[in-house]
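The notes follow in the order I made them.

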Amino acid sequence: MVDFLLFADEGNPEQTDVNKFFCYGGTFIPTRHYSALSKAIEQLRNKYDLDRTDPLKFASRDRPKGMDVQTHTKLKNEVYSLAFKHEVKFCGYGILHAISRHHDHNTLVGFGANNLLSKFNQFLGENRAKGWANFDRMNTSNPFGYLREKFSHRIKSENERVQLENILGYSFTCDGASHASSVADILLGGFRYILNEPQRDIAGRAIAKELSSVMWHSPEPYEQRNFFDRGLVLRPKEISLTRYQADYQEIRDRFTRWVEVPD
C-alpha cells in the first residue's frame, strides 16, 4: 500500500544576482487525503473563476489573466490552508550556487533530487509508511535513466549510501496533470521566495508563516519544533569558507525570525 505521494520539482536552477540558491522542493501528500485535497482544489478554482486551462502556480507572472496580485496572493494562501488541513508536509532543499558553480546542470539536479529522496525515505521510515515519488519533468540528459537508477540502486547523499527501502516506485508528472502539482508548485514557490528574496521581508514573513504550517519538523511540541535538516535542508553540511558559512547562517536565522514574529 502506498501511504504518501511525493511531488518534487526544482527552482532557480540558474545563478543570478538575485537567486543565490538552487532549490528543490518535495511535497508529501497522504494518499488517504489525496481525493479530498484534489476536490478541495477543484472547488477553490471554481470559487476564483479559473478556467480549466488556467494555471494555479506561485509566480505572479503565471497568475490567471485578469487576476490582480492581491487576489492571487489570497488564492495561494487558501492553498496553504488546504495543504495544512489535509496533512500535507513539505521538504525544501537548498545549495548555494557559488558552491555548486563548478557542477553541470545534470549534477546539480541530481544532488537536489537525491537529497530530497533521502529525506522522503527518512520521513516514510519515521511514519512506518511507504511512498511513491513523482518528479516534475527533469531538464537533464537522461531523466528516465535517473528514475531507473533510483529504483535499482542505492543513492549517494553527502557521504552516505541510502537504500530508499520505503519508496516503492518513481514516475514523472508535469504542470496541469493534477491538482497535486499545483499544490507542490505553490509550496516550492514559497520556499524559493524565502531563500532568494530576503529583501522582500514583508511578503517573506507572511509566506514563511504559511509555509511553516506544513513544513516537516521534529516531533517535539509545536512551540519547540525544529525545521532544520527536515523541512529545511541546506547542503553541503560542512562548509569551509567563512563567507559561505555566513550565507547559510543568514538563511537559518532569517527563517527562524520570520516564523517566530507574532502576527
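**Cavity**

The model is a predicted one. I counted one cavity of 30 Å³ or more.

I then listed the lining of the largest cavity: 13 residues, with Ala8, Asp9, Ser181, Ala184 and Asp185 nearest the centre. Strand S1 (4-11), strand S4 (131-136) and helix H6 (179-196) each put at least two residues into this lining. H6 gives the most, with four residues. Sorted by class, the lining of the largest cavity holds five nonpolar, four polar and four charged residues.

Next I looked at open space. The largest pocket has a volume of about 940 Å³, and S1, H2, H6 and helix H7 (201-212) are the elements that give two or more residues to its lining. I noted 33 lining residues, of which Phe58, Ala59, Asp185, Gly189 and Arg192 lie nearest the centre of the pocket.

Which element gives the most to the lining of the largest pocket? I found that H2 does, with six residues. By class I recorded eleven nonpolar, eight polar and 14 charged residues in the pocket lining.

**Core**

I looked up the largest nonpolar core, which has 76 residues; Tyr24, Leu117, Phe135 and Leu211 touch the most other members. H6 gives the most to this core, with ten residues. In soluble globular proteins, nonpolar side chains tend to be buried together.

**Helix H1**

I checked the length of H1 (residues 31-47) against its residue count. At 1.5 Å a residue, the 17 residues should span 24 Å, and the end C-alpha atoms are 25 Å apart, so the two agree.

The buried residues I listed in H1 are His33, Leu37, Ala40, Ile41, Leu44 and Arg45. An α-helix has 3.6 residues a turn, so residues three or four places apart point the same way. The buried residues of H1 pack against strand S2 (21-30), helix H2 (69-85) and H6. After H1 comes aspartate 49, with a positive phi near 60 degrees.

**Methionine 67**

I located methionine 67 in the loop between H1 and H2. Is methionine 67 buried or exposed? Its relative accessibility is 10%, and buried means under 20%, so methionine 67 counts as buried. Setting aside neighbours within four places in sequence, I found methionine 67 in contact with Tyr48, Leu50, His72 and Leu75. I also took the separation of methionine 67 and lysine 209: 142 residues in sequence, and 24 Å in space from C-alpha to C-alpha.

**Backbone**

I went through some backbone angles last. The peptide bond from arginine 235 to proline 236 is cis, with omega near 0 degrees. Proline 236 sits in the loop between strand S8 (232-235) and helix H8 (242-260).

Glutamate 87 is not a glycine, yet has a positive phi of about 60 degrees. I placed glutamate 87 in the loop between H2 and strand S3 (89-96), and its relative accessible area of 39% makes it partly exposed.

Aspartate 229, also not a glycine, has a positive phi of about 65 degrees. Aspartate 229 belongs to the loop between H7 and S8 and is partly exposed, at a relative accessible area of 28%.

Methods. Residues are numbered from 1 along each chain as its sequence is written. This is a predicted model: local features need pLDDT of at least 70, side-chain atom pairs count only at pLDDT 80 or more; totals for chains, interfaces and linings use all residues. Side-chain values use heavy atoms; hydrogens and water are left out. On a 1 Å grid over the protein atoms alone, a cavity is a set of points where a 1.4 Å probe fits but cannot get out, and a pocket is an open set with protein on both sides within 12 Å along at least five of seven lines; lining residues have an atom within 4 Å of a point. Grid points are joined across faces, edges and corners, and a volume is the space filled by probe spheres set on the points. Ala, Val, Leu, Ile, Met, Phe, Trp, Tyr, Cys and Pro count as nonpolar, Asp, Glu, Lys and Arg as charged, and the others, Gly among them, as polar. The expected span of a helix is 1.5 Å times one less than its number of residues. Buried means under 20% relative accessible area, exposed over 50%, partly exposed in between (1.4 Å probe, protein chains only). Contact means heavy atoms within 4.5 Å. A nonpolar core is a set of buried Ala, Val, Leu, Ile, Met, Phe, Trp, Tyr and Cys residues joined through side-chain atoms within 4.5 Å.
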